[in-house]
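Hi,

Here is the structure I promised you. Have a look at it first, then read on for what turned up in the strands.

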Amino acid sequence: MNIGLIAHDSKKALMQNFCIAYRGILSKHNLYATGTTGRLVEEVTNLNIHKYLAGPMGGSQQLGAQIAQNDMDALIFLRDPMAPKANEPDLNDVIRLCDTYNIPLATNLATAELIVLAIDRGDLDWREMYR
């Protein structure tokens with residue numbers, strides 16, 4: 001499965017810890033991330049991550065394009081709801097695309113864990129047929 005990773009600056013350490021904890025599951029899948037998030041996660045986990053540009057530089061749009069092409073199976077976007085970002089419209093577009101194309105989306109740690117565990121159990125295998 002193709003899994004996208006995005007994290008606001010204040011959530012990057014949380015994303016690193018999440019990926020360390022679920023490294024065994026994540027290592028079985030194709031991972032895509034915005035540039036800085038991908039680099040930071042790769043440094044601590046040694047997972048192979050396809051890195052797009054940094055989010056504000058267009059990485060969010062690149063991930064959005066992958067979603068629109070039905071080439072993303074789940075997205076983990078650890079966001080900071082208390083701190084608006086300059087690229088917020090781009091990120092809202094990514095959320096809208098997930099809703100439009102039925103892509104499971106986690107915006108906090110609790111739902112991220114649910115999605116990763118569901119992937120591991122095979123609960124999202126329907127995405128393979130959906131493509």
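In β3, Ile 49 is the bridge partner of Leu 31. Going from β2 to β3, the chain passes through helix α3 (residues 35-45), and this β-α-β crossover is right-handed: with the strands pointing away from the viewer, the path from the first strand over the helix to the second runs clockwise. β2 and strand β3 (residues 49-51) run parallel and are joined by three bridges. Strands pair here if DSSP finds at least two bridges between them. The strands (E, at least two residues) and helices (H or I, at least four) are DSSP runs, numbered from the N terminus.

Before you go further: this is a predicted model, where local features need pLDDT of at least 70 and side-chain atom pairs count only at pLDDT 80 or more, while totals for chains, interfaces and linings use all residues. Residues are numbered from 1 along each chain as its sequence is written, and side-chain values use heavy atoms, with hydrogens and water left out.

Now for β1 (residues 2-7). This strand pairs with β2 (residues 30-33) in the parallel sense, over four bridges. Gly 4 sits opposite Tyr 32, and Leu 5 has Ala 33 as its bridge partner. β1 also pairs with β4 (residues 74-78), again parallel, over five bridges; there, Ile 3 stands opposite Ala 74.

How many residues of β1 are buried? Six of the six are, so the strand is largely enclosed by the rest of the structure. Buried means under 20% relative accessible area, exposed over 50%, and partly exposed in between (1.4 Å probe, protein chains only). Asn 2, Gly 4 and Ile 6 cover one side, and Ile 3, Leu 5 and Ala 7 lie on the other, all buried.

Cheers
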